[in-house]
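Subject: Structure handover

Hello,

Here is the structure you were to receive.

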Amino acid sequence: MGRRVLITGLDTFWGGRMAQALEAKSDVEMILGLGTKEPRVPLERTEFVRSDQKYSILSRIVRATQVDTIVHTFLETNSIAVPSRVLHEINVIGTLNLLAAAGASGTSVRKVIVKSSTHVYGAAAQDPAWFREEDSRTGPVRTKLERSLLEVEALVRDFADDNPHLAVTVLRFANVLGTDIVTPISHNLRRRLLPCIAGFDPLVQFVEEDDVVRALEFATSHRVPGVFNVAGEGKLPWSEVASIGGAHLLPLPPVRPRLFAAPLQRLGGVRFPPEMEGLVTYGRGVDTNALRAAGFEYRYTSAGAVNSFARANNLRRTTGNTSPAYRYEQDVEQFFRHSPTVVRGIDS
Amino acid sequence: MESVGAARPAGRPGDREFIDAIVGHAPAQAERQAERQADETEKIAAASDLAGASVSYLPVAAGRNEPEVEELVDEARRSDVDEWGRSEHMRSIVRRLYDPMYRYWFRVEWEGLEKIPTEGGALLIANHAGAIPSDAPAIMHGIETELGRPVYGMADYFFRTLPGIGTMWSRSGGVPAHPDNAYRILHDQQQLALVFPEGTKATSKTYADRYRLRRFGRGGFVEIAMRAGVPIIPIAVVGAEESMPILFRMNGVAKALKLPYFPVTVNSLLLGPLGYVTYLPAKFKLRVLDPITFDVEPGLERYSKSRVMDEAERIRAIMQDTLHDMLRERRSVWFG
């Protein structure tokens, strides 16, 4: 029997990309995607279930579909995308319910993969240049996003302890850039204005969006329990991110930069979420040897990820959108997924 | 404040650049200065031509002395800032600015420089002195110009928190002192790291305590060298104490300014605020001692604390003896 995979957040960027990646794997028998909205990417054989993150529904779905792998991509890592209440609901409550459903007695689940973020390390002056997975953060928890992700990881850790027969993998991703992903940093780069803190030019890491999907896919196809950092090789100064990305630096004062960023944010030009303040002051580096040792190979370096964004952005600036917008049409999608007349694996 | 001109010998760079060179940073005007100075003695900077240098850190033209150890062929990069924040390009500017200071102000004299290996990791340790320490730039400059290999100067993370200064400190080879950082530099990258085991206890001590070594921390430097499997090379420095002697400390001011300490120095009495960016022309003598190796298995998580403390104390004693030796031989603070 092939693998049966459940993906959360099918309607989000990562859920959609992950489902597409798994569809290409012949040993994946069934892909089930949960989402609150309809998927935004064309999918060939992924089943879509519209559901909120309620426990009762999740446990029924898990039992009925006998999934063996859960890929939990539906974690919000951008605190200005959603109000903080919603952030808590999605991240903490969503994970809580999902793990409860996955750990129900007689469960078919064997593997759980959680997409976390290196935000859990925070950013402080006394940080080591390279955080290893077992290192704890040095500074106090300052932002709601960090607190919420730390809570999620604590839940996952307890879950792993309670279910030793399950392979639980937590992947902590560095800031992502790439051809399509929209993050506060990519938004700023697109507007050609990258906020920085005057007098600071910290070293940062990035991971390319394809490497994110590949790392998630790697964790589903291998048995790699534990916590792993995922970031492209090398580091680069923040000023160089602006220079590769074709943006100007917008210096904010070192004291209370968010106060000064707020009006700019209001005007819509600049995104400066609270969790960015530490990053652009002290930067962050994570040691990626553990995942490498497990056998994962990166395609992009940190600078390569920024460059990947820059190249796509150049194209966008010249020709508009790189990929035509996809419109989800329920009937057509149903036809593609279920009709025996569709010859699968030719064209997506 | 009035006596600024009096204490400034001719031909010296302006005070602003002066202190920046000392503490290891070069401001934007540094480049203008760099263009004027045609110093041919640079060995490391041979590859980089400063004539067209702009404000950003331009890549050094594929230098053979590229400090990056991991052969990271990354065509996307636009600068030569390595993963510690050090830029060989910035270093070469700093070296050009600092060289006259090194040669004609402190008249630095080395003894036993050949004991520092030209390849492989080694942990350099030295005694620390001067309210704003003048020894670190001298040691880093000397080794980089003489041996042509980079030195990472490890210091308190406090530097990182200073806007502008922190960035320049990092670009010119400063790294926050953290055991993991030191291990990576020494073991994984086989580079030279310079640490001052006494820390700020040494730089904040008053003139009355000059050349009396403080406690060598908790012996962390010994443990790192053991774990990384690299030798410790002690360097005894004479002269730094007299370049910026502390008369007393003002703890209230330090607290108010959130500084580790606030010194009142001889320099500041003579020159006012400018005293904090001007050193007295003490003669520098540096003696490199024999490398110390440990017959322990590298790579362990922990080493016997008593062994570590014994070694730290032994090294401290050797350095203290050497300092006394050098002071016995010294006839004049200013002429050596």
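This is a predicted model: local features need pLDDT of at least 70, side-chain atom pairs count only at pLDDT 80 or more; totals for chains, interfaces and linings use all residues.

Chain A
Chain A contains twelve helices and 13 strands. Of its 348 residues, 57% are buried. When contacts in chain A between residues at least 6 apart in sequence are taken, 79% of them join residues at least 24 apart.

How do α7 and α11 of chain A lie relative to each other? Helix α7(A) covers residues 238-245 and helix α11(A) covers residues 302-319. Their axes come within 8 Å and cross at roughly 30°. Angles under 35 degrees count as roughly parallel, so α7(A) is roughly parallel to α11(A). On the α7(A) side, the contact is made by A:V241, A:I244 and A:G245. On the α11(A) side, the residues are A:A303, A:V306, A:N307, A:F309, A:A310, A:N313 and A:R317. By class, the residues of this contact comprise six nonpolar, three polar and one charged.

Cavities
Searching the whole structure gives six cavities of 30 Å³ or more. The volume of the largest cavity is about 350 Å³. It is lined by 28 residues, of which A:P202, A:L203, A:Y282, B:R160 and B:S170 are the closest to its centre. Which elements each supply at least two residues of that lining? They are α9 (274-282) of chain A, and α5 (165-171) and β4 (174-176) of chain B. The most is given by α5(B), with five residues. The lining of the largest cavity divides into twelve nonpolar, nine polar and seven charged residues.

Positive phi
Two residues in chain B are listed here for their backbone angles.

- B:Q190 is not a glycine, yet its phi is positive, near 55°. B:Q190 sits in the loop between α6 (179-188) and β5 (192-195) of chain B. Its relative accessibility is 35%, so B:Q190 counts as partly exposed.
- B:K258, also not a glycine, has a positive phi of about 55°. The loop that holds B:K258 runs between α10 (251-257) and β8 (263-265) of chain B. B:K258 counts as exposed because its relative accessibility is 72%, and the cut-off for exposed is over 50%.

Regards

Note on methods: Residues are numbered from 1 along each chain as its sequence is written. Chains are lettered from A and ligands numbered from 1 in the order in which they are written. Side-chain values use heavy atoms; hydrogens and water are left out. On a 1 Å grid over the protein atoms alone, a cavity is a set of points where a 1.4 Å probe fits but cannot get out, and a pocket is an open set with protein on both sides within 12 Å along at least five of seven lines; lining residues have an atom within 4 Å of a point. Grid points are joined across faces, edges and corners, and a volume is the space filled by probe spheres set on the points. Helices (H or I, at least four residues) and strands (E, at least two) are DSSP runs, numbered from the N terminus. Ala, Val, Leu, Ile, Met, Phe, Trp, Tyr, Cys and Pro count as nonpolar, Asp, Glu, Lys and Arg as charged, and the others, Gly among them, as polar. Axes are lines fitted to C-alpha atoms, for helices over the stretch in contact, and angles run from 0 to 180 degrees between N-to-C directions. Angles under 35 degrees count as roughly parallel, over 145 as roughly antiparallel, 65 to 115 as roughly perpendicular and the rest as oblique. Contact means heavy atoms within 4.5 Å. Buried means under 20% relative accessible area, exposed over 50%, partly exposed in between (1.4 Å probe, protein chains only).
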